[in-house]
Every structure is written in C-alpha cells, then in structure tokens.
Amino acid sequence: MGIRIRNKKSLIRLISIIVLSIAVLAVPSYVWAKDNTKYLSKMYTSKMSPIIMIPGSSATENRFDSLVDKLNKNTRTKHSLLKLKVYNSGKIVYSGQLNNRDTEPIIVVGFENNHDGYSNIKLQAKMFSQALTDLQDKYRFNNFKGIGHSNGGLIYTEFIENYLSDHDVKMKKLMTIGSPYNFSERSTRNKTEMLANFIKNKDKIPQNLIVFSIAGTQNYTSDGLVPENSVRAGKYIYQHRVDHFTEMTVTGDDAQHSDLPQNQEIINLIQDNIIDKTNKKMNPARMQ
Amino acid sequence: MMRKFADRLVWFRRRLFFRASRETMTILIPFLIIGTFSIVIANSFLTPSGFGASILHIGDFVDNFKVINRVLNLITSWTTGLLALFASFKNAEVTARLKHNETRFVGLAGMITYIILVCLPTGVLPLKMPIDSSPLAAIRGPLSIQGLLLGLIVGYLVAQIFSYYEEHGKVGGNVEYKFLWPISISFLMAIIFGGFLLWLNNIGVFSALSTGIRSYSSQKDGLMLTIVGSIMTGILNWIGLSGPFDYSDATQSSVLASQNAIYALQHNSIWKVPYPFSQLALYHSYATYGGVGATLALMIAIVIMTRNKKDLLTVRWGLFPALFNSNSILMLGLPIFFNVVYLVPFVLVPVINMLVAAALITMHIIPPVPFPVPNGTPGPLIAFVGTSGNFSALIAGVLILAMDVFIYLPFVKFNNHVNNIYRLTHGKEE
C-alpha cells in the first residue's frame, strides 16, 4: 500500500504525545494496579469478622470489659479485645491488642464526646464511620457484626442509615441492648425528631441485615432508666425492612439498664446469635 | 465504481437536512469542546475515585477540590448536557436560512417543540422541579449529545412547517402575529407525537424493550453477545444516539466483571476466569481506544493522510479527551456523525479488535481482564490496569492500536476524495 505521509511533523508529534502520555501514565498505573489487587485480595480472602461494640452515653471504651471476660470464660478460643477511643479532633487512640490468628476479635469504639442527645449521636455516628475506615485500613476485614448498648444502638442506627454504604464492608448482624429509639418518651405516639428521621431513612438499611433488639425490665414498663416502649419503637425502623428482626425482653437479676451488658442471659444471647457458628463449635460454654 | 459511490455520497451531502446539520454541528463545536474538557478533567483528575487521583494516590487531596469538580460538572451539564436542545434551536434557524426564509422565530419554536417532545413521553414537567431531582434524569439523555439526531430532526421539521406556512399560508400583518400559527402547529405536533410515545410508554413497550436488552446482556456472556452489543453501540453512536455499552458505564463494574474479579482473587490467577469475553474484558479493554469506534486510531490515520486544516485542528482539540476515551469532539468536528464513509470502520474496527483479543486470550498469549479500573482510565491502559499490570496485555493493546490505524487509512483517503469532489463541484461551502 503506497502511503504518502502528508504531515510528517504533526504525525511524529501526535505519536510521541500518545506514546509519551501512555508511557508516563503506565508507571503509576502499574503501581496502582498491583496495590489494588493486593488490597482486593486481602479483602476477599480475609477471614476476619470482628464484633464491633459501641457503649452508651457517659460510658467509655472500657464499658464492655466484664462482658468480654464473661464471653471468654470457659471457651477454648478467646476473643481478643481491641479498644479505640475517638477524640473530637479526629485522633484515634488504640489500646489492647488483636491476636493475629483471632478471626473474631471484639473491637470497642468509645468517644471523647460521649454525651446524650440527638446532635451528639449524629456526631458520634460520623466519628464511628471514620473509626471504621481506619480499622478497615488496618485489618482488611470485609464483614463485621455490631453490638450497641443503650445510645450505642442509636449511634449504630444513625451510622447504618447514613454512612454504611460508604464502606466496602458487609454488616451482618446488629444487636442493640436497651436502646431508647424514642429517647425517654413513653408513648410511640410522640415521636422524637430522631425516631422520625430513623423511620424516614429506613430504606437505606441493607435488607440482609439481621437485627436483634433486647429490652431489659425491672418492672413492667422500664429497665429503671429507659421506658420499654422506647426500646420497642425500634420495630418501626427495622421490622418489615430487614429480613430478620427479633425483639427480646430480659427480666430478673441484672436487668437494670446499666447492668444489661453484664447480664448472663444477654451474654448467652450474644453467644447464640452474634458469634459465628464456626467459633461456637469449639466453644464448650454452651454445652454445659 | 468508487467514483460513482463518491458521487452518490456527495449528492446525499447536498440534501438540505445534511447541509443544515453539518453547519449546526459546526456551531456547536466550541461549546462541546468546553463541555468535554470540563468533564474529562473532572472525571479523570478531580474525582477521588477517578483515574488521576487513584494512580497518583491523591484521592484525599483531590477531595478538597469538590467545588471545582462541581463547577466543571455544571459547565458540562449546560453545554454537552444540552447539546441536542441547542441543535434543535440552531438547526431550525440554519434550515430556514438555507431556504431563505424568516429566521427570527423558527429557532425558539424548534427548541420549545423539542422540549415538549422529550418531556411528554416521560411525564416530566421540568419547570416545576429542581434541576437535579431524579425524574428529570429521564430526559437528560435526549437533551444531551445522546439525543443529537432527534434534536436535528425536530429543528429541521419545524423549519419545514414554517416554510410551508410561508409558501402557502396567508402572509400579511405583523411578524409577531404572522408566526403564531406555525408555532402552534409545531407544538401541537410535538404534543400528538409525544402523546403517542407516552401511550407506548404507558402500555410498557419501552420498559419491556430495555429490560429485555438488559437482562439479555447481563445474564449471558459470550463473544457473540459482546460483539452484537459493540455493533449496536457503534451504529447508534454514528447516528447520534447512545448504545448499550456507552462511555459512561465503561468502568462501572458489571455483575460479570465482579464475578471474574472474585474468581481471579480466589484462585490467585487472572488466566482462568468464568467470563473471559465479558464487556469489560473485551470491549472496554481492547475496542474503545479513544472512545466508541476506536477513534484514537482514526486520529493518527488522519494525521498521516490528510492535508485538510480543519480535520487536523479537530484532531488537535480532540486528542486530550480522546486519550481518556471521550470522542464527541471528533464525532461532530470531522464529523463522524452521519458520515457514511466512516460508518464501516467505526463499527468494524472494534469488532476486529475484539476478535483479535479473544483469539489471543484463547491462545493464552494475553490474560482476560478481570479487575475493575478507575473511572477515566486511558483506553490503551485499561487492559494493563485491569490485568493487574500484565505487560503482554499492554503490548497487545499497542499493537492492536497500530493495526487499527492501518484499517482506518483507506477510509480516511476515500473521505478526503469525497471532500474534494464536494468542494470542486459545489464551491467552498465549508
């Protein structure tokens, strides 16, 4: 084929631009592609599935220490415990340690701002989202389970509706313990702003999430602090939205609001419902 | 024989609709250039998950440019995003001028007619809604460059209605009252035709069509399907409509692509994946260098072959976006739209590329492409990035690009030939 090249200069220029830009971009692309594959492969092959706990208002990241102790009692596999404290400045301080071979560690996320109230819960949910990003960067898990005591359950709900989709992670289960979805309102007819917003945004909750809402009772209406009806209001958010929503009531000893995390009945519920089956098999505590 | 064919093409190009359309497209080009540059910069460099930010690890830094990113997107929405609307306006005016008719009213009439026509079938009343509320998204497509052909046709038809009225209607009185009738008739026709489309939509014709196509293309995976999709995309783009595999979803990971990725990760190898001939693996990785129709090769062929200053300028302006797979400047500037000479390579080159790539994949010379790539990755690098940096994929990509240049060369030559005849027989109109 007789081709007469009409614009030698332009051609050389064009080809050099194309080749050069491809060559220049190829180098960082190569690095990125390698990095990205490594990242993806860590994500997909990761067997880690932590249980991430959020304490209620006024509590710190040490809130669940005795619960974890009780969970680990009589079990062959001990869940390691990692604690995070998120400061208002965004700084995150880690304490405790993850056992390398532990596939189901417990991670507690506490906040410097641990105050009550809807505006604080919004802030805490955002901080939790940042903490989760940090945790995923460090440990590359692709799924987790959540437990929230009291306001911790509200923080979780706020997080699930507003931030969960930003993360490349599957949230498998959520257990809220004595979480006052309607704050201190005794009647669900008076919906607080928070509850109204939770209900409005319920479509953002992933349908495959499995949710347990646990209420404690000292008398027939309250656990001494939170009205039972306020805990029950969770059904307006989760029922008919997620595939499995279970409500449970715990009575008897240690059913007072602040005692709930140490309540043996609740620890049994956590072992039955939240902890992965593979771990349970090796766990003689439930076979007694 | 070729001579006759060329004459035939010139005859076509002399038809009023094509003459007017070419002139209209020329008018749209500066706006298109600004809109295209804006979106390429925004997508490839200022989006945290985009190509530039990803590979340079400046995602967090780029996050600070949210406002600039949004402004650039705004510019694009009001330029390329409304290109078909502008086309309906300008084409009505240009047609009227070429027919030596009154031009002052026809443009606006064409534009409003077009709005009525595209809004009616979707049941959207844009004036009542904020601009980015979701129902309006339904008419974004037809208003943007994807609806160019429709816009041109509507503008042309409105000009014809005006012209019919000027020739046959009672002319008299002041202009502002004189044109009330043709304007009303244009609107009425848009309402009737739009109503017909709305009725089709209501009885479920469109949704059945689109779900049919979608379920077909997402469930099955095979070379045949990807090739058919590519041919459809090529032809539809050539007439100014968007096809099933368009640029916008080039990097969106489809179900098949993520299954490929998971398989590759589980088995720690990219060589055997369940769907080696998926859209991402073949079409986006090897068939769209420079956008639909592999137009990067066309640009090189033009620079080799042509002396036409205008075409060379178009290549110069089109190069930057084409490196990031956006070829709309070339589509209007050369033009490729409705240019019969370029139809054949525009549709065929991607198919040949995919066949070559599929053959190389089958022979295990290059791996299939399992991993998603960042938004706005340059065409020749998609396979390289998507295979986690496989060098044979990169080299294969460059060789395929060179092959494409040779396929395009004779067509560029013939196009020059047609242009010359056009210029010789009809003066210098362009």
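**Aromatic pairs, salt bridges and a charged patch**

Phe245(A) is a buried residue, with a relative accessible area of 19%, a value that falls under the 20% limit below which a residue counts as buried. The model in which this residue is described is a predicted one. Tyr238(A), with a relative accessible area of 0%, is likewise buried.

Over all chains, a search of the whole structure finds 23 aromatic pairs. One of them is formed by Tyr30(A) and Phe384(B), whose ring centres are 5.8 Å apart and whose planes meet at 25°, so that the pair is stacked. Because Tyr30(A) lies in helix 1 (residues 8–45) of chain A, while Phe384(B) lies in helix 20 (residues 379–386) of chain B, this pair joins two chains. Tyr30(A) is partly exposed at 29% relative accessibility, whereas Phe384(B) is buried, its relative accessible area being 1%. Tyr238(A) and Phe245(A) also form a stacked aromatic pair, with 6.1 Å from centre to centre and 20° between the planes. In chain B, ring pairs link Trp11(B), Phe12(B), Phe17(B), Phe18(B), Tyr156(B), Phe337(B) and Phe338(B) into a cluster.

The search of the whole structure also finds 10 salt bridges over all chains. In one of them, Lys145(A) is paired with Asp276(A), and the closest N and O atoms are 3.0 Å apart. This pair links distant parts of the chain, 131 residues apart, since Lys145(A) belongs to strand 5 (residues 143–149) of chain A and Asp276(A) to the loop between helix 8 (264–273) and helix 9 (277–281). Both partners are buried, Lys145(A) at 0% relative accessibility and Asp276(A) with a relative accessible area of 16%. Asp276(A) meets Lys172(A) in a further salt bridge, at 3.6 Å from N to O; Lys172(A) lies in strand 6 (residues 170–177) of chain A, 104 residues from Asp276(A), and is partly exposed at 23% relative accessibility.

In chain B, the side chains of Arg3(B) and Asp7(B) form a salt bridge of 3.4 Å, N to O. These two residues both lie in helix 1 (residues 2–14) of chain B and are 4 residues apart, about one turn of the helix. Asp7(B) is partly exposed, with a relative accessible area of 32%. Returning to chain A, salt bridges that share partners join Glu104(A), Lys145(A), Lys172(A) and Asp276(A) into one network.

A positive surface patch, finally, is formed by Arg4(A), Arg6(A), Arg307(B) and Lys413(B). Of these residues, Lys413(B) lies in helix 21 (residues 391–426) of chain B and is partly exposed, with a relative accessible area of 47%.

Methods. Residues numbered from 1 in each chain as written. Chains lettered and ligands numbered in written order. Predicted model: local features only at pLDDT ≥ 70, side-chain atom pairs only at ≥ 80, totals over all residues. Heavy atoms only, no water. Patch = residues over 30% accessible without salt bridge, like charges linked within 9 Å, V, L, I, M, F, W, Y side chains within 5 Å. Areas by Shrake-Rupley, 256 points an atom, 1.4 Å probe, with all protein chains shown as cover. Salt bridge = Lys/Arg side-chain N within 4 Å of Asp/Glu carboxyl O. Lys, Arg positive; Asp, Glu negative; His and termini not counted. Charge placed at Lys NZ, Arg CZ, Asp CG, Glu CD. Buried < 20%, exposed > 50% of the residue type's maximum accessible area, 1.4 Å probe, protein only. Phe/Tyr/Trp six-rings, centres within 6.5 Å; stacked < 30°, edge-to-face > 60°.
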